There are 2 protein chains.
Amino acid sequence: MIKVVVLGSGNMAWHLCKVFTASKGIEVVQHYHYNSQGSIFKNFGISFTNNLKNLKKADFYILAVADDAIAKLSINLPVLNGIVLHTSGTVAIKDLETKNQTGVFYPLQTLSKNQPVDFTKIPICIEAINSSDLEKIKLLASQISTTVVEMSSDKRAALHLAAVFANNFVNHLYKQATDICRAHNIEMHLLDELITETALKAIKNTPEESQTGPAKRGDKKTISKHLNMLSEDTKKIYKTLSDSLLENYGREKL
Amino acid sequence: MIKVVVLGSGNMAWHLCKVFTASKGIEVVQHYHYNSQGSIFKNFGISFTNNLKNLKKADFYILAVADDAIAKLSINLPVLNGIVLHTSGTVAIKDLETKNQTGVFYPLQTLSKNQPVDFTKIPICIEAINSSDLEKIKLLASQISTTVVEMSSDKRAALHLAAVFANNFVNHLYKQATDICRAHNIEMHLLDELITETALKAIKNTPEESQTGPAKRGDKKTISKHLNMLSEDTKKIYKTLSDSLLENYGREKL
């Protein structure tokens, strides 16, 4: 049984506690958070502490905390027998204090509390300083996911950046689409099939093969109609993306 | 049997010929295109003409042509016994010349030639001048789709604009993500699960509930790291969307 301590109380900590608890090969022996907010995890039945001096013995100490809290927390840890992992896309492995063995365990997915995800399909990007630690982290990751990828800090940062486009920004465009529907009393679920098909096409083909629409066609008349229908903030998004598309497809910018 | 003539030779014409030909209740009696490019449809086994004077008798004449060709083509048509439909999201019904009965038949989907789609799931937005024509168009649409929605030209234009965000622009963001992966030798299919989950979440919840990421958190340090990794064009897209997110979530803009 692989023993882990999860530190933190955000979306990542919540999901890791959940999936680890459900995994036959892993035991979450303790959950740490600096204050009693940690109690939100009590329904997992995991022992809790808010004192770093009381951390239990484990194979892994997983720092599932905000990016800018990782380095400091790793400094404040006592010397431990297990490997200290962080779960961030952007933080380098070298930002972890080296009094302990260190590594990275980055699940590439958008996680919101209370929204279940299928971890088996989530790629987990791992990194370690030496191959022995790497093997141990691989064993941990493979308990919950079928896609475990070794990746350097630099590559992981690039993958995280790509994920910001593919998730955070895409979702913000869904919001613009939804807002337009709301403003015109249009049932927003009419867009469901389009949203699904767009995602499936992107996976099946390259985005270049799937691109359609007025900006690709250089249809300035439709673009101009659209710009007149939008508020200032949304207009700026529309214009920036259309200009980029127009340029990409060899047409004159707006 | 509902008889239709399809005019045009783009993605929409291709898909309509395909789905109509496969439908038991519809017969495509003729395909028109102004030049012999129409021959790309010959494998459907549909009679072809490039002469508007030779159009066959049908219940519907479907103008599946570019937006700015619709009005002119409707003027050039002879007086016909069937209803003349266009398939555009943005063109108003009143742009069709009224010597014939007119209507709109707009399938809300991104269509690329040779890429099969399941028309039964595609919403078809219809419009007509009178209720008798509307019923006929509804009957046609319901042969191929389970979601047929009556919608005014104004509402349809707004829905089309929403679709530009949810499809054209989203796909362009997928391209940015893919480009970043390519530049860093990262297997781009690592993003597949994220792309799928992002789309499914948007359908199940509101985009506001699903939003995550550095801009939502106001994490300027990560945003600044990201901007430094990007080319000028992509940086502009990143900045515009991040500024919009920062503003949306009550944080100071970049």
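In the sheet of chain B, B:Val104 sits opposite B:Glu127 of β7(B). The strands involved, β6(B) and β7 (residues 124-128) of chain B, pair in the antiparallel sense over 5 bridges; strands are said to pair if DSSP finds at least two bridges between them. Helices (H or I, at least four residues) and strands (E, at least two) are DSSP runs, numbered from the N terminus. This is a predicted model, in which local features need pLDDT of at least 70 and side-chain atom pairs count only at pLDDT 80 or more, while totals for chains, interfaces and linings use all residues. Residues are numbered from 1 along each chain as its sequence is written, chains are lettered from A and ligands numbered from 1 in the order in which they are written, and side-chain values use heavy atoms, with hydrogens and water left out.

Strand β6 (residues 101-107) of chain B is mostly covered, with 6 of its 7 residues buried. Here buried means under 20% relative accessible area and exposed over 50%, with partly exposed in between (1.4 Å probe, protein chains only).

Zooming out, chain B has an open sheet of 8 strands in the order β3-β2-β1-β4-β5-β6-β7-β8, with mixed pairing. At the edges stand β3 (48-49) and β8 (148-150) of chain B; each has a single partner strand, so one side of each is left without a neighbour in the sheet. Elsewhere in the sheet, β1 (residues 2-7) and β4 (residues 60-63) of chain B pair in the parallel sense, with 4 bridges between them, and B:Val6 finds its bridge partner in B:Ile62 of β4(B). Helix α2 (residues 67-76) of chain B lies across β1, β2, β4 and β5 of chain B, at about 145 degrees to β4(B). Helix α3 (residues 131-142) of chain B packs on the sheet too, touching β1, β2, β4, β5, β6, β7 and β8 of chain B, and its direction makes about 160 degrees with that of β7(B). For these helices, contact means heavy atoms within 4.5 Å; axes are lines fitted to C-alpha atoms, for helices over the stretch in contact, and angles run from 0 to 180 degrees between N-to-C directions.

B:His31 belongs to strand β2 (residues 26-32) of chain B. With a relative accessible area of 1%, B:His31 is buried. Its C-alpha atom is separated by 19 Å from that of B:Val104, 73 residues apart along the chain.

Chain A has its own open sheet of 8 strands, ordered β3-β2-β1-β4-β5-β6-β7-β8 with mixed pairing. Its edge strands are β3 (48-49) and β8 (148-150) of chain A, each pairing on one side only. As for β1(A), 5 of its 6 residues are buried, so the strand is largely enclosed by the rest of the structure. On another, β1 (residues 2-7) and β4 (residues 60-63) of chain A pair in the parallel sense over 4 bridges, with A:Val5 opposite A:Tyr61. Helix α3 (residues 131-144) of chain A lies across β1, β2, β4, β5, β6, β7 and β8 of chain A and runs at about 165 degrees to β7(A). Helix α4 (residues 153-183) of chain A covers a set of strands made up of β5, β6 and β7 of chain A, at about 155 degrees to β7(A).

Most residues other than glycine have a negative phi. A:Asn185, though, has a positive phi, near 55 degrees, without being a glycine. A:Asn185 is in the loop between α4 and α5 (192-204) of chain A and counts as exposed, at 65% relative accessibility. B:Asn185 likewise has a positive phi of about 55 degrees, lies in the loop between α4 (153-183) and α5 (192-204) of chain B, and is exposed, with a relative accessible area of 65%.

As for overall make-up, chain A has 9 helices and 8 strands, and its C-alpha trace spans about 65 × 40 × 30 Å along its principal axes. Of its 254 residues, 57% count as buried.
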